Amino acid sequence: MMISSLHTSLFVGASLFRQSNNSLRSLAFCLPFSSAPASLSSDKLSNKKWRQPVFSALDLGGVKITKQDVVRDDPTNNVPDNIFSKLGMQLHRRDQHPLGILKNAIYEYFDTNYSNKFNKFDNLCPIVTLKQNFDDVLVPEDHVSRSYNDTYYIDPQTVLRCHTSAHQAELLRDGYTHFLVTGDVYRRDSIDSTHYPVFHQMEGFRVFVPDEWEPSGMDATSFAAADLKKCLEGLARHLFGDVEMRWIDTYFPFTNPSFELEIYFKGKWLEVLGSGVTEQEILKKNGVSNNVAWAFGLGLERLAMVLFDIPDIRLFWSNDERFTSQFSKGQLGVKFKPFSKYPPCYKDISFWINESFTENNLCEVVRGVAGDLAEEVQLIDNFTNKKGMTSHCYRIAYRSMERSLTDEEINDLQWKVRELVQNKLEVVIR
């Protein structure tokens with residue numbers, strides 16, 4: 001349930017509609033869990049070319065999903081086509097992909113040090129209820145992550161999960177006490193080299209019974225916190241080697257106490273993950289009273305970019321063989337060799353904003369037009385005139401990682417962006 005910022009999960013603090021169709025809502029309430037080892041299907045996935053499969057219906061965690069189930073022409077639905085196209089790609093289940101290699105390295109650590117005690121889930125459906133995504137992990141009703149600006153809503157009660165913690169409560173109710181949950185998560189976000197609206201998280205969770213902490217003479221919370229830190233320090237050494245570490249006290253709504261782990265790597269402190277001792281309310285609500293538990297969460301892209309020297313988060317989605325051929329199953333930390341560096345093209349857009357304008361909405365428009373050709377959207381100027389009207393000027397960087405873009409292509413993209421910004425965001429272009 002953790003990660004140290006909203007971008008990597010509600011645990012990660014450094015970097016977080018419509019209900020007319022009951023069929024999808026009931027679908028989200030009965031998502032089946034598969035406890036089969038991830039390796040059963042990952043080899044098959046690894047042998048296929050890395051491209052978006054063309055299906056009339058996707059099978060997500062045993063649930064059949066069509067585009068009409070997720071993307072609807074309705075003002076209460078804010079899931080665009082380009083986000084639906086990422087469903088089912090499951091980069092974390094590809095053994096020769098950097099994210100799959102990292103996931104398997106973490107699995108190896110837990111299997112070796114905990115005698116295969118942890119159940120692993122990496123194929124749970126990303127369509128969840130509002131209750132699963134927020135209420136079950138004690139996210140306050142007024143928390144910013146619940147807004148349409150931050151979360152992809154299918155309908156008022158159903159979302160694309162923002163974090164893998166959305167499955168925590170159901171796993172606890174099903175009797176699991178040690179588990180790792182890995183999956184793709186979705187968050188409306190800015191456009192730059194480290195942010196993407198689809199990313200991947202892993203959450204770890206462990207429950208202790210009184211017989212485990214009472215002989216130590218420690219209180220339950222202190223025992224769980226000490227065990228958590230020992231576990232995660234071992235994981236950091238497994239991934240990064242013999243590095244200096246430090247713990248930072250922090251706040252998460254679902255753990256108390258809460259911690260972030262940082263390591264000193266390549267000359268600077270790097271935040272690795274968020275963690276803490278699970279709030280008793282969560283345990284009690286899910287049938288695990290009189291016990292104590294810890295949880296942690298980490299963002300796979302965040303760590304993989306460091307371990308593999310991958311400079312741009314968009315590269316994880318690349319089908320270019322010059323990228324994909326550089327990585328092999330089980331080879332953690334192979335350094336990415338840039339195969340090209342095409343020049344960026346910059347275009348500015350200025351407009352008078354209205355009260356409902358948000359930067360995330362602008363980025364959604366840009367991504368909807370340019371897709372992964374949009375490298376960065378940056379606010380470069382703003383001012384308010386004597387009439388109280390506020391102007392923003394944004395610089396959009398367009399760049400392909402695989403080829404040079406023509407002036408004609410860029411101009412066409414920019415005109416489409418201008419038109420949609422004006423029509424969809426209802427701003428006045430300057």
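**Exercise 1.** In this predicted model, determine in what order the three strands E4, E5 and E6 form an open sheet.

*Solution.* Step 1: the strand order is E4-E6-E5, and the pairing is antiparallel. Step 2: strand E4 (127-129) and strand E5 (153-155) are the edge strands, since each pairs on one side only. Step 3: from one strand to the next, the twist averages 35 degrees. Step 4: E4 and strand E6 (residues 158-160) run antiparallel and are joined by three bridges. In this pairing, Thr-129 stands opposite Thr-158 in E6.

**Exercise 2.** Find which parts of the chain the salt bridge between Glu-262 and Arg-246 ties together, and classify the burial of Glu-262.

*Solution.* Step 1: the closest N and O atoms of Glu-262 and Arg-246 are 2.6 Å apart, and the cut-off for a salt bridge is 4 Å. Step 2: Glu-262 belongs to strand E10 (residues 255-265) and Arg-246 to strand E9 (residues 244-252), so the pair links parts 16 residues apart in sequence. Step 3: buried means under 20% relative accessible area; Glu-262 has 12% and therefore counts as buried. Arg-246, at 34%, is partly exposed.

**Exercise 3.** Locate the partners of the salt bridge between Arg-314 and Glu-375, and state whether Arg-314 is buried or exposed.

*Solution.* Step 1: the closest N and O atoms of this pair are 3.2 Å apart. Step 2: Arg-314 sits in the loop between helix H11 (300-307) and helix H12 (321-324), while Glu-375 is in strand E14 (residues 374-384), so parts 61 residues apart in sequence are tied together. Step 3: both Arg-314 and Glu-375 are buried.

Note on methods: Residues are numbered from 1 along each chain as its sequence is written. This is a predicted model: local features need pLDDT of at least 70, side-chain atom pairs count only at pLDDT 80 or more; totals for chains, interfaces and linings use all residues. Side-chain values use heavy atoms; hydrogens and water are left out. Two strands pair if DSSP finds at least two bridges between them. Helices (H or I, at least four residues) and strands (E, at least two) are DSSP runs, numbered from the N terminus. Axes are lines fitted to C-alpha atoms, for helices over the stretch in contact, and angles run from 0 to 180 degrees between N-to-C directions. A salt bridge is a side-chain nitrogen of Lys or Arg within 4 Å of a carboxyl oxygen of Asp or Glu. Buried means under 20% relative accessible area, exposed over 50%, partly exposed in between (1.4 Å probe, protein chains only).
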